[in-house]
Amino acid sequence: MDREKRKEEDFSLPRLRAGDRAEFARLVDAYSGVIYRLGLKMLDDPQDAEDILQETFIKAYRYLKDFDGRSSLSTWLYRIATNEALMLIRKRKNVPLSFDEALDPDQEIEKPLQILDWCCMPEKELMSAEARLYMQQAVEQLSPGLRAVFVLRDIEGLSTEETSRVLNLSESAVKTRLSRARMRLRELLTAYFGERMSALGLVEPGDD
Amino acid sequence: MDHEHCHSLLNSLSDYVEGDLSEELCAEIERHLQSCENCRVVIDTLRKTVYLYHATAADPPVMPQDVKERLYTRLDLNEFLNPSP
Ligand SMILES: [Zn+2]
């Protein structure tokens, strides 16, 4: 985010609010890459990511005149894009997925089921094209509410505070969700890398 | 092995990995880790999980040129496409 933040200071809010097209084009140029990536990580479909990208900037142009500057421009764009992504997920799943389904504060964190140390696997296994694909698919298995937090925090690198602004959640809710998302992904990655370890003959006899 | 204790620490593991815990709680977790192999593995693999996602995210975002062109067309910004650097 540091790179984006520095860019942020370069934009003239009065010009953006007045609908200045050249200034808006600069904004699009600066943020379209990250917004496209956010869409890809949220839905894992290039067409959906492109729809999110276009809708985000169409809405941004429409509502810039009302942008009050209390949050940063990037936070504001992330918020529009994340809402677009969540709406699209709801539509795709064709079931009424509540964004709050993962919010139940009383629900305890999942107990880790798989205890297997795969950390020592060679880097080229951990970062192989297949592993990366699996990791992306694992993110898609998170509920939308957990996924949004995980993508913003651990992939886009937003702070807890920025994420709470984007999603309109308390900081403690962001932390809880991030924790649950990470534990869930750890579980999924353990299943995957466990199989890879067996395939490579790296599991010692006696290990579960 | 004190499984009750393991379970009560679970909620703090992500914060622990983040370095986001009070000194007191940190020390408590570290004491527990010395005697609990299971939790050590969970922490190590959790940390590695976060590391791997960070590593894949480090690549700059790549937007195909045709996606960019369609975006600029949709926004009626074609005159600003590919400004000289
Ligand atoms: Zn333990």
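For my residue classes, Ala, Val, Leu, Ile, Met, Phe, Trp, Tyr, Cys and Pro count as nonpolar, Asp, Glu, Lys and Arg as charged, and the others, Gly among them, as polar.

**Entry 1: ground rules**

I am working from a predicted model, in which local features need pLDDT of at least 70 and side-chain atom pairs count only at pLDDT 80 or more, while totals for chains, interfaces and linings use all residues. Residues are numbered from 1 along each chain as its sequence is written, chains are lettered from A and ligands numbered from 1 in the order in which they are written, and side-chain values use heavy atoms, with hydrogens and water left out.

**Entry 2: chain A overall**

I looked up the secondary structure and found 10 helices and 0 strands in chain A; helices (H or I, at least four residues) and strands (E, at least two) are DSSP runs, numbered from the N terminus. Of the 208 residues of chain A, 53% count as buried, where buried means under 20% relative accessible area, exposed over 50%, and partly exposed in between (1.4 Å probe, protein chains only). I then took contacts, meaning heavy atoms within 4.5 Å. Among those in chain A between residues at least 6 apart in sequence, 71% join residues at least 24 apart.

Chain A is divided into domain 1 (2–93) and domain 2 (111–199), with bounds from an automatic or database domain assignment. Their C-alpha centres lie 24 Å apart. The contact between them takes 17 residues from domain 1 and 15 residues from domain 2 of chain A.

**Entry 3: the largest pocket**

I noted about 390 Å³ of space in the largest pocket. On a 1 Å grid over the protein atoms alone, a cavity is a set of points where a 1.4 Å probe fits but cannot get out, and a pocket is an open set with protein on both sides within 12 Å along at least five of seven lines; lining residues have an atom within 4 Å of a point. Grid points are joined across faces, edges and corners, and the volume is the space filled by probe spheres set on the points.

The lining has 18 residues, and Leu40(A), Lys41(A), Arg132(A), Gln136(A) and Thr56(B) lie nearest the pocket centre. I sorted the lining into 11 nonpolar, 2 polar and 5 charged residues. Helix 7 of chain A gives the largest share, 6 residues. Both domains of chain A take part, with at least three residues from each.

**Entry 4: helix 4 of chain B**

In this helix (residues 65–74) I found Val67(B), Lys68(B), Leu71(B) and Tyr72(B) buried. Seen down the axis, the buried residues fall within an arc of 130°, so they line one face of the helix; the arc is that of the directions from the helix axis to the C-beta atoms. They pack against helix 3 and helix 4 (46–63) of chain A.

**Entry 5: single residues**

At 54% relative accessibility, Asp76(B) counts as exposed.

Asp44(A), in the loop between helix 3 and helix 4 of chain A, is not a glycine either, yet has a positive phi of about 55°. At 37% relative accessibility, Asp44(A) counts as partly exposed.

Arg186(A) sits in helix 10 (residues 171–199) of chain A and, at 0% relative accessibility, counts as buried. Not counting residues up to four places away in sequence, I list its contacts as Pro112(A), Leu113(A), Gln114(A), Val42(B), Thr45(B), Leu46(B) and Thr49(B).
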